[in-house]
Structure formats: C-alpha cells, structure tokens
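User: I am new to this structure and would like to understand the terms applied to it. Please set each value against its definition.

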Amino acid sequence: MSATTPERTGVTTQAIEGSQAIRLAPNYWPFVIPALIVVGAVIVFPWAFTLWMSVNRWTLGQSRSFAGVENYLRLAVDQRFWESLFHTLTYTFLSVAAPMILGTVAALIFDARFPLRGLLRGVFVMPMMATPVAVALVWTMMFHPQLGVLNYLLSLVGIPAQEWIFNANTVIPSLVAVETWQWTPLVMLIVLGGLASVPREPFESAEIDGANAWQQFRYLTLPMIAPFLMIAVIIRTIDALKSFDIIYAMTQGGPGTASETINIYLYNTAFSYYDIGYGSAMAVVFFIVIVALSFILLMLRQRSQWIGVEGK
C-alpha cells in the first residue's frame with residue numbers, strides 16, 4: 001500500500017498539472033478571428049465575386065447568364081486589350097527605369113556634404129507630396145500646345161512647339177515624364193537610406209589602391225545598395241502598374257486609345273459600356289499578369305545579397 005501511494009500521487013499530480021496547463025494555455029483565436037473576417041470581407045470575397053462575374057455574360061440593365069470561358073476567349077482576340085496591355089507594360093517599364101536612374105543620381109548628389117543640403121532635399125521631395133489629380137491638372141496646362149509654358153520655353157531656344165499629350169506618338173513619354181517628376185524623390189529617399197548604411201572602410205582602401213570615382217561606384221557602392229534598389233524597383237513597379245488617376249485625368253486614354261492602359265480599358269468597359277462580365281475577366285487576367293511580374297521581382301530580390309565589408 002505504502003509503496004504504490006507515491007506513484008499514484010505522482011501520476012495524480014502530473015495529471016493535475018497537465019490539466020491546469022491546458023486550461024491556462026492562452027487562446028489566440030478571439031484575436032485572430034476579427035482579422036480573418038476583415039481579410040475575407042475586403043480581399044477574399046471581392047476577388048471570389050470578380051472571378052464569378054468573369055464567367056457570366058452580364059451587362060447592366062440586362063439579364064445575366066452563364067458564359068463559362070467565353071469572356072476569356074473574347075479577350076484572346078480583342079486587339080484593343082492587347083494594345084492596352086502593351087501600353088501598360090511600356091508605361092510601367094519607362095516609369096520605373098527613369099525614376100530609378102534619376103533617383104540614384106540625385107541620392108549620390110545629396111549624399112555629399114555641401115551648404116544648404118537639407119533645404120534642397122526638402123525642396124526635391126515636394127512633388128511626392130502633391131495629390132496625383134492636382135499634378136495631372138497642372139501638367140495638362142503646361143502641356144497645352146498653344147498656351148503651355150513648356151512650348152514657350154522651347155520657343156526661346158528655337159525648338160518647334162510639341163503636341164505632348166495631344167499626339168499619339170508622344171503621349172506615353174509625356175505621361176512618363178509626369179510620373180518621373182513626381183516619384184523620383186521616393187527613389188532618392190530609398191537609395192539615400194542605403195548609402196547611409198554603406199561602410200566607409202572599403203572606399204578608403206579603394207582610394208589607396210588608386211580606384212577612381214566610377215570604379216568605386218561600380219564595384220563598391222552599387223553592389224552594397226543593390227537590395228535598396230530592388231526595394232525601389234518593386235515599389236515603383238506596383239505604383240506604375242496600378243496607375244490610373246494621372247492617366248485618366250490627363251488623357252482618359254487618348255488621343256484615341258494611344259495611352260489606354262489596362263486600368264483605363266477595364267474602367268471604360270465596366271463603367272462606361274456596363275459590360276461587367278467582360279470587365280471582370282479583364283481584371284482576372286490583369287491580376288495574373290501582376291502576380292507573374294511580382295514573382296519575377298521577388299526572385300530577383302532574393303538573389304540580391306547584402307555585401308559586407310569583406311565583400312562576402
């Protein structure tokens with residue numbers, strides 16, 4: 001009797017402690033469920049509903065009917081859709097490349113020490129604070145062929161007046177110029193953060209070895225700030241792909257369809273022509289394109305390595 005009592009007591013004590021641990025274990029579900037509800041209502045349900053609408057023949061004011069893949073097959077032969085996709089990719093590439101180059105150059109300039117550097121930095125980032133619609137209205141007046149200040153400045157140096165956003169050949173470069181003017185400061189700030197984290201010892205060694213400024217930038221600065229450059233590329237790509245307000249406020253996709261991106265074409269299809277089913281199919285395909293581009297950018301981001309002082 002006495003020999004078995006401690007064992008039973010130990011088992012009983014362990015069982016009690018185990019039940020108390022289970023009973024006292026924190027329960028996180030009350031905190032997770034509200035977030036899941038919000039995510040489901042804001043993200044999951046709209047996309048599921050868009051996917052459902054894309055397989056239906058649905059025009060506002062008319063009866064809805066199941067269409068299957070008809071809308072997607074219609075996209076495959078829609079020349080206007082492929083043109084809008086080309087405009088979107090062209091606009092995105094130029095709107096990423098130009099700010100990246102100019103923002104990096106501006107970051108290198110503002111990283112140096114000179115008088116009034118802080119004031120000039122503040123002035124340089126001011127375009128980023130303006131609302132896109134206000135920027136679009138101001139630049140539309142500047143691009144006016146007869147009354148715009150840009151053509152007036154060109155006339156002072158003997159250059160003929162340009163049609164800017166009113167010509168199919170120059171409309172996308174003109175829109176890219178506005179995008180570049182507004183978002184180059186963002187790239188500059190990101191690259192400045194990278195330059196602030198770069199150690200100075202490798203540059204001192206490079207100067208002793210006789211490396212010039214270009215060699216120091218090519219083999220030291222650029223590899224060290226590569227992760228920051230990739231972050232800037234990802235942010236700018238996302239912004240350019242979903243750009244709508246500046247393009248719509250300035251050209252509404254014109255002249256003709258010369259600046260019509262997928263966002264503009266999708267908006268016109270769904271809310272001007274009231275073809276909800278076809279517009280939903282377009283949104284699904286555009287979402288797939290964005291996911292593919294995001295996957296490529298994330299792979300490139302993973303390949304960019306932080307470079308230490310030893311260059312490893």
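User: Which residues does Thr221 touch, not counting residues up to four places away in sequence?

Analyst: Thr221 touches Leu108, Leu195, Phe203 and Gln216, where contact means heavy atoms within 4.5 Å. This is a predicted model, in which local features need pLDDT of at least 70 and side-chain atom pairs count only at pLDDT 80 or more, while totals for chains, interfaces and linings use all residues. Residues are numbered from 1 along each chain as its sequence is written, and side-chain values use heavy atoms, with hydrogens and water left out.

User: Why is Thr221 called buried?

Analyst: Its relative accessible area is 8%. Buried means under 20%, exposed over 50% and partly exposed in between, with a 1.4 Å probe and protein chains only; therefore Thr221 counts as buried. Thr221 is found in helix α11, helices being DSSP runs of H or I with at least four residues, numbered from the N terminus.

User: What makes a set of residues a nonpolar core?

Analyst: The members are buried Ala, Val, Leu, Ile, Met, Phe, Trp, Tyr and Cys residues joined through side-chain atoms within 4.5 Å. The largest such core has 26 residues, and Met188 and Leu195 are among those that touch the most other members. Helix α9 (171-196) is one of the helices that each supply at least two residues, and the largest share, eight residues, comes from α9.

User: Which residues does Met188 touch, with the same exclusion of residues up to four places away in sequence?

Analyst: Met188 touches Gly103, Ala106, Ala107, Phe110, Phe124 and Val125.
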